[in-house]
Amino acid sequence: MLKTILFAAAALVLGVLAIVLPDRLFPPDVNYRTISSLGEAFRGFVLGGFRFALGAFAGLALAAAATSVGGAGARRPVALAVSALFALGVVGVSGFAFRGLSHFPSGGSLEERHRWADMRLDRPYREVVAWAGASSAVREACGESLRFGPASGTRNVVFAGSGEWTATLTLDVEGEKGSARLAVTAVLPYSPREARPVVSSATLEAEGRRRGLDSSGAALEVAPRERGSSE
């Protein structure tokens, strides 16, 4: 009876730890992805079940190894311990495997980051880039020949809702006049296909100045009091 309780406790403890610990020790990068509530729930259920099963197996193997020390089979405890460690190792890398191996190239060039976002963030990214490329304020600051890419260390997420995408993007912009950083929050309907993003907020930072943009991409006028305080 005591042995059964030991095995059950070891399986339960290791199973729960296998679910909780990996993402606490190695937090997943949630700043560069498309998020769907249903997809995340399914992924969490499958990933959690997979981790619990491997953790429970590791707990049982370690308990069996501990109770078999000193027995007739000298190799059995070692084999069980190795099996448990292998299972825990799989748990450790399971988050990367379930979330995909296409990692954001944070140290890559602007073109590399743009290609990644074009593939991974899909139509919402392309539509926001098209909006930014037509923005009069962005063209005034950076020029006519513009290049874009997600900024490293910032928020670049697309949330897939029931009938629309909500994109929160921070873009590095480069042109013949200079470079800038553009933060945009926009909503894009799934249909019709030719729908354009509705920009709820946009901030352009160029030459040490930050300016808000309206939904058309034009710079917002600075109030007299704000202009005087900035001077």
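Predicted model: local features only at pLDDT ≥ 70, side-chain atom pairs only at ≥ 80, totals over all residues.

Y32 counts as buried because its relative accessibility is 9%, where buried means under 20% relative accessible area, exposed over 50% and partly exposed in between, with a 1.4 Å probe and protein chains only. Residues are numbered from 1 along each chain as its sequence is written, and side-chain values use heavy atoms, with hydrogens and water left out.

What surrounds Y32 in terms of aromatic pairs? A search of the whole structure finds four aromatic pairs, a pair being rings of Phe, Tyr and Trp (its six-membered ring) whose centres lie within 6.5 Å, with planes under 30 degrees apart counted as stacked, over 60 as edge-to-face and the rest as tilted. In one of them, the ring centres of Y32 and F104 are 3.8 Å apart and the planes meet at 10°, so this pair is stacked. Y32 sits in strand β1 (residues 32-36) and F104 in the loop between α3 (76-99) and α4 (110-120), so the pair ties together parts 72 residues apart in sequence; helices here are DSSP runs of H or I with at least four residues, strands are runs of E with at least two, and both are numbered from the N terminus.

Y32 also pairs with W116, edge-to-face, at 6.3 Å centre to centre and 80° between the planes.

Now to the second largest pocket, with a volume of about 250 Å³. On a 1 Å grid over the protein atoms alone, a pocket is an open set of points where a 1.4 Å probe fits, with protein on both sides within 12 Å along at least five of seven lines, and lining residues have an atom within 4 Å of a point. Its volume is the space filled by probe spheres set on the points, which are joined across faces, edges and corners. Which element gives the most to the lining of this pocket? The answer is α6, with three residues, while α6 (136-142), β6 (198-206) and β7 (209-212) each supply at least two.
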